[in-house]
Amino acid sequence: MSVHMPANSAEYIRHHLQNLQLNLHTMTLGDGGFWTLNLDTLIFSIVLGSIFLILFRWVGVRASSGVPGKLQNFIEYIYDFISTLVKDCFHGDSRLIAPLALTIFMWVFIMNCMDLVPVDLLPLAAMHSGVPYLRVVPTTDPGLTFAMSITIFFLVIFYSFKVKGAGGFLKEIFTAPFGVWLFPVNVIFRIVEEFAKVLSLSLRLFGNIFAGELIFVLIALLPWYTQQVPGLIWSIFHILVIWIQAYVFTVLTIVYLSMAHESH
């Protein structure tokens, strides 16, 4: 695949919105239709998740009961924040839910934070190294956000079977909310509800972060001497968006898992 610099604004935008793809049929770079793997999304999500795990492990092992350092203070604040959130939203056994919520919040937050890296820095460095495309924000890839929401969907199904039993879960599907005589309507409502959970989780996160990235790309097209002010204003506003989207994704996950533990 040839590597060349974008020649105009349209090509520049297309370049920044194009993933580095691997054709799984031919195992070469390029679009392979259904059998396409977005390499940049995979690599950045694994690296950022590993940074989170290593950092929290490193601080946890060295945690002091005396006067904590700034990093330990920050992580303890995040831990208390998520722990309180889980206690408020989830009333069952939270031994798995709390660590899961902490992992989801930090992973999504760190991936969203890649949107604050100067928009040309890593893609142009990659181009000079012979890599034709590079998208550095994994949460702007709907493949990743759908993968996360589908994983949570299967967790909800798992907990529904575990907590209510197969009989109780099937009874709930066929009888709630309109009773056994309207079971076809109940089943249709349940299918729509479950699809809505997957769509709401994935599309909300993808849409907000993708829009933020697109605005950064458009600001980068302005003359260099006019980019600083709009870039700074949008960066400050986008920090709030990054935090809120990680928070909303985490809260909805906890709520959906809490619903799996409750009976209608």
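In which helix is Val192 found? Val192 belongs to helix H7, which spans residues 183-220. The legends below describe close-up views of a predicted model.

View 1. Val192 has a relative accessible area of 51%. Because the threshold for an exposed residue is over 50%, Val192 is classed as exposed.

**View 2. Leu201 is a buried residue of helix H7.** The relative accessibility of Leu201 is 2%, and Leu201 therefore counts as buried, the limit being under 20%. When residues up to four places away in sequence are not counted, Leu201 touches Ser149, Ile152, Phe249, Leu252, Thr253 and Tyr256. The C-alpha atom of Leu201 is separated by 9.4 Å from that of Thr250, although the two residues are 49 residues apart along the chain.

**View 3. A salt bridge joins Arg190 to Glu172.** The closest N and O atoms of this pair are 3.0 Å apart. The bridge links distant parts of the chain, with Arg190 in helix H7 and Glu172 in helix H6 (residues 142-175), 18 residues apart. Are the two partners buried or exposed? Arg190, at 12% relative accessibility, counts as buried, and Glu172 is buried with a relative accessible area of 7%.

View 4. Salt bridges that share partners join Lys197 and Glu194 with Lys164, Glu172, Arg190 and Glu193 into one network. In total, the structure holds six salt bridges.

**View 5. Three strands form an open antiparallel sheet.** What is the order of the strands in this sheet? The order is E2-E1-E3. The edge strands are E2 (28-29) and E3 (36-38), each of which pairs on one side only. Strand E1, comprising residues 21-23, pairs with E2 in the antiparallel sense over two bridges. In this pairing, Leu22 stands opposite Leu29 of E2.

**View 6. Helix H2 lies across strands E1, E2 and E3.** This helix consists of residues 39-61 and runs at about 40° to E3. Strand E3, at residues 36-38, is one of the edge strands of the sheet.

Conventions:
Residues are numbered from 1 along each chain as its sequence is written. This is a predicted model: local features need pLDDT of at least 70, side-chain atom pairs count only at pLDDT 80 or more; totals for chains, interfaces and linings use all residues. Side-chain values use heavy atoms; hydrogens and water are left out. Helices (H or I, at least four residues) and strands (E, at least two) are DSSP runs, numbered from the N terminus. Buried means under 20% relative accessible area, exposed over 50%, partly exposed in between (1.4 Å probe, protein chains only). Two strands pair if DSSP finds at least two bridges between them. Contact means heavy atoms within 4.5 Å. Axes are lines fitted to C-alpha atoms, for helices over the stretch in contact, and angles run from 0 to 180 degrees between N-to-C directions. A salt bridge is a side-chain nitrogen of Lys or Arg within 4 Å of a carboxyl oxygen of Asp or Glu.
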